Amino acid sequence: MRLLYRVGGKYKYVARYDVNSYYKSIDHQVLLSLLKDIKIDDELIDIVSQLLSVPDVGNTGKGMVAGSSLSPLLGAVYLNTLDHQLDSNRHIIYVRYMDDFVILAKTRWHLRQSIKTTQRIISKLKLRLHDKQKCFIGKLAKGFDFLGYQFYLSGKLQPSSVALGRLISRYARLKEQGASYEQLWTYVSRWYQWLHGGLKGYVVRRGVGWYIYNILKDGVFETN
């Protein structure tokens with residue numbers, strides 16, 4: 001996040017993607033082959049194979065339990081090829097967190113070439129990117145959202161409309177369930193801590209406090 005904030009002004013174009021139903025779409029044979037490629041011990045590969053087969057009651061050869069302790073590691077390995085290809089491209093900035101990733105480029109041509117590389121690798125891994133409604137390709141000057149933050153060329157990071165919407169929705173559910181004021185305050189305070197956690201000085205403070213004040217004062221409000 002800090003890297004995107006620091007270097008964003010040097011780039012003109014951005015592509016933000018995430019993989020559609022990532023964990024459910026992971027192909028077992030592709031994953032096991034990738035583990036062999038990085039010289040993982042055969043016994044460990046057998047354990048992973050058994051782990052993958054347990055929830056696959058339909059014998060589809062796809063899918064992985066997202067809540068498993070190994071899932072984040074295996075999920076990272078699965079996209080290692082994409083990381084290697086895009087990280088080695090000196091004309092772009094590539095940042096990924098699990099199945100969400102951003103590409104920054106100085107020219108349209110470099111962005112298009114990176115998108116072609118991305119689509120080729122994603123297809124080879126038997127995955128699909130989300131449709132146009134859940135991705136963004138365009139000029140960086142328009143801003144883009146990533147991992148709950150809204151990025152702009154000028155100014156600090158802001159909570160994205162999606163992040164604010166989830167805050168409001170969760171708050172409303174807690175209130176309907178009869179949560180006390182203290183419980184509601186704890187939830188909103190933790191959300192605020194998440195927003196600024198590890199990014200002190202990078203996230204805008206002015207305005208966010210107003211949102212929180214209105215949530216606690218009136219319950220639910222419209223963000224637009």
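Is Tyr-23 buried or exposed? Tyr-23 counts as buried, because its relative accessibility is 18%, and buried here means under 20% relative accessible area, with exposed over 50% and partly exposed in between, using a 1.4 Å probe and protein chains only.

Before going on, a word on the model. This is a predicted model, in which local features need pLDDT of at least 70, side-chain atom pairs count only at pLDDT 80 or more, and totals for chains, interfaces and linings use all residues. Residues are numbered from 1 along each chain as its sequence is written, and side-chain values use heavy atoms, with hydrogens and water left out.

Now the overall picture. The chain has ten helices and seven strands; these are DSSP runs numbered from the N terminus, with helices being H or I of at least four residues and strands being E of at least two. Of its 224 residues, 45% count as buried. Take the contacts in the chain with a separation of 6 or more: 66% of them come from residues 24 or more positions apart. Contact means heavy atoms within 4.5 Å.

Back to the aromatics. A search of the whole structure gives seven aromatic pairs. Rings of Phe, Tyr and Trp, the last by its six-membered ring, pair if their centres lie within 6.5 Å; planes under 30 degrees apart count as stacked, over 60 as edge-to-face, and the rest as tilted. Tyr-22 and Tyr-23 have ring centres 5.4 Å apart and planes at 55°, so this pair is tilted. Tyr-22 is also buried, with a relative accessible area of 4%. Phe-144 and Phe-151 make another pair: the centres are 5.0 Å apart and the planes are at 5°, so the pair is stacked. Phe-144 counts as buried at 3% relative accessibility, and Phe-151 is buried with a relative accessible area of 4%. Elsewhere, ring pairs link Tyr-17, Tyr-94 and Phe-101 into a cluster.

The charged end of Lys-106 sits over the ring of Tyr-11, 5.5 Å from its centre. The criterion is NZ of Lys or CZ of Arg within 6 Å of the ring centre and within 35 degrees of the ring normal.

Next, helix packing. At what angle do α3 and α4 pack? Helix α3, residues 28–37, and helix α4, residues 42–53, pack at an angle of about 165°, with their axes 10 Å apart. Axes are lines fitted to C-alpha atoms, for helices over the stretch in contact, and angles run from 0 to 180 degrees between N-to-C directions. That angle makes α3 roughly antiparallel to α4; under 35 degrees counts as roughly parallel, over 145 as roughly antiparallel, 65 to 115 as roughly perpendicular, and the rest as oblique. The crossing of α3 past α4 is right-handed. A crossing is right-handed if the near helix is turned clockwise from the far one by less than a right angle, and left-handed if anticlockwise. On the α3 side, the residues are His-28, Leu-31, Leu-32, Leu-35 and Lys-36, and they meet Ile-45, Val-48, Ser-49 and Leu-52 in α4.

A second pair is α6 with helix α7, residues 108–124, packed at an angle of about 160° with axes 10 Å apart. That makes α6 roughly antiparallel to α7, and α6 passes α7 in a right-handed crossing. From α6 the contact uses Thr-81, Leu-82, Gln-85 and Leu-86, and from α7 the residues include Ser-114, Thr-117 and Ile-122.

Leu-79 lies in the loop between α5 (71–78) and α6 (80–87). Leu-79 counts as buried, at 0% relative accessibility. Leaving aside neighbours within four places in sequence, Leu-79 is in contact with Tyr-22, Arg-96, Met-98, Asp-99, Ile-122, Leu-125 and Leu-127. Of these, Ile-122 is 43 residues from Leu-79 in sequence and 8.4 Å away in space, C-alpha to C-alpha.

Met-98 belongs to the loop between β2 (92–97) and β3 (100–105). Met-98 has a positive phi of about 55° although it is not a glycine. Leu-147 also has a positive phi of about 55° without being a glycine. Leu-147 lies in the loop between β5 (144–146) and β6 (149–151), and is partly exposed, with a relative accessible area of 31%.

Last, Ser-160. Ser-160 is in the loop between β7 (158–159) and α8 (161–176), and counts as buried at 3% relative accessibility. Not counting residues up to four places away in sequence, Ser-160 touches Asp-145, Gly-148, Tyr-149 and Gln-150.
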